[in-house]
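Subject: A structure for you to look at

Hello,

Here is the structure I promised to pass on. Have a look at it first, and then read my notes below.

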Amino acid sequence: MAEARLYVIPGSHPSRTAMLMLERKGIPYKRVDLMPVVAKGVLKAQRFPDVTVPALKIDGRRVQRSMEIGRELDRIQPDPALYPADTEKRARVEEAEAWGDEFQEKPRRYSWWAFRRNRAPMASYAEGAKLGVPVGLAVKTGGPLVAAAARLNQANDAKVRADLSSLRGDLDRIDAWIAEGVIGGPEPNAADYQLAPSVRLLMSFDDLRPFIEGRPAGEMAMRVDPDFPGRTPPVAPAEWLEGLRR
Ligand SMILES: N[C@@H](CCC(=O)N[C@@H](CS)C(=O)NCC(=O)O)C(=O)O
């Protein structure tokens, strides 16, 4: 098999999902780091059909979206399996995975909303990334890019407030899947790999970590994705976090 090539954006949670799944399979790959927004042009030039990361070139194929990548990896190399063989168990994992694919929007919106207010912490998410320009310079000159990303992702006050007010329920749902054994087992499955990076991205915000780290969801995320980079000091108004308090 030719070397796989994975296009990512540093700190992108679904990119992380793809990295974790490739690592679980033991498939060697070259990681190509892209800047947000600018990534679209690169992916088009590489003849990917869509403009999002993760984007994987493997075995002469181009695969995008973390859920498709999980399935393609199981097809190419069935062991260790990312999806259970048992039909009913697989359906539960796929349900949690698909929910997680949508849940991605909340950490994504929160990130762009927070980085619009304070860009400096972005550098911590790009630790070890090779962006082609010094990370400090990219962050310093990145104002227009962050504004564009915030706009594209509708990272506005109203959406973020609504996301925060429903976040406790989201975490309850993840905890319930752990209690039922759908995720959180000794061998992570595709849903673990889908959900853990989203939870880790949320935990990288000092505003949110205290509400997550003591919960089963937080413990699962730390175990499945221990090295998720980045940390952002508090940025949200205290009253926005009220709904997260028990
Ligand atoms: N649900 C998709 C989402 C992919 C996605 O939206 N990725 C973001 C990064 S987290 C992206 O590529 N954004 C375009 C950009 O920032 O240029 C997946 O799991 O692959």
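A word on pockets to begin with: on a 1 Å grid over the protein atoms alone, a pocket is an open set of points with protein on both sides within 12 Å along at least five of seven lines, and its lining residues have an atom within 4 Å of a point. The model is predicted, so to speak of local features we need pLDDT of at least 70, side-chain atom pairs count only at pLDDT 80 or more, and totals for chains, interfaces and linings use all residues. Residues are numbered from 1 along each chain as its sequence is written, and side-chain values use heavy atoms, leaving out hydrogens and water.

The largest pocket holds about 930 Å³ of space, where a volume is the space filled by probe spheres (1.4 Å probe) set on the points. Its lining counts 41 residues, and Ile9, Ser12, Pro36, Arg108 and Trp112 lie nearest the centre. Helix α5 (105–117) gives the largest share of that lining, five residues. By class, the lining has 26 nonpolar, nine polar and six charged residues (Ala, Val, Leu, Ile, Met, Phe, Trp, Tyr, Cys and Pro count as nonpolar, Asp, Glu, Lys and Arg as charged, and the others, Gly among them, as polar).

The second largest pocket has about 270 Å³ of space. Of its 17 lining residues, Pro84, Val93, Val182, Glu187 and Asn189 are the closest to the centre. Helix α4 (residues 87–103) supplies the largest share, three residues.

Next, the sheet. Four strands form an open sheet in the order β2-β1-β3-β4, with mixed pairing; strands (E, at least two residues) and helices (H or I, at least four) are DSSP runs, numbered from the N terminus, and two strands pair if DSSP finds at least two bridges between them. β2 (29–33) and β4 (61–64) are at the edges with a single partner strand each, so one side of each has no neighbour in the sheet. β1 (residues 4–8) pairs with β3 (residues 55–58) in the antiparallel sense over three bridges, and Leu6 stands opposite Leu56 in β3.

Finally, two helices: α1 (residues 13–25) and α3 (residues 66–76) pack at an angle of about 10°, their axes 9 Å apart (axes are lines fitted to C-alpha atoms, for helices over the stretch in contact, and angles run from 0 to 180 degrees between N-to-C directions; contact means heavy atoms within 4.5 Å). They are therefore roughly parallel, a label for angles under 35 degrees.

Best wishes

Terms used. Angles under 35 degrees count as roughly parallel, over 145 as roughly antiparallel, 65 to 115 as roughly perpendicular and the rest as oblique.
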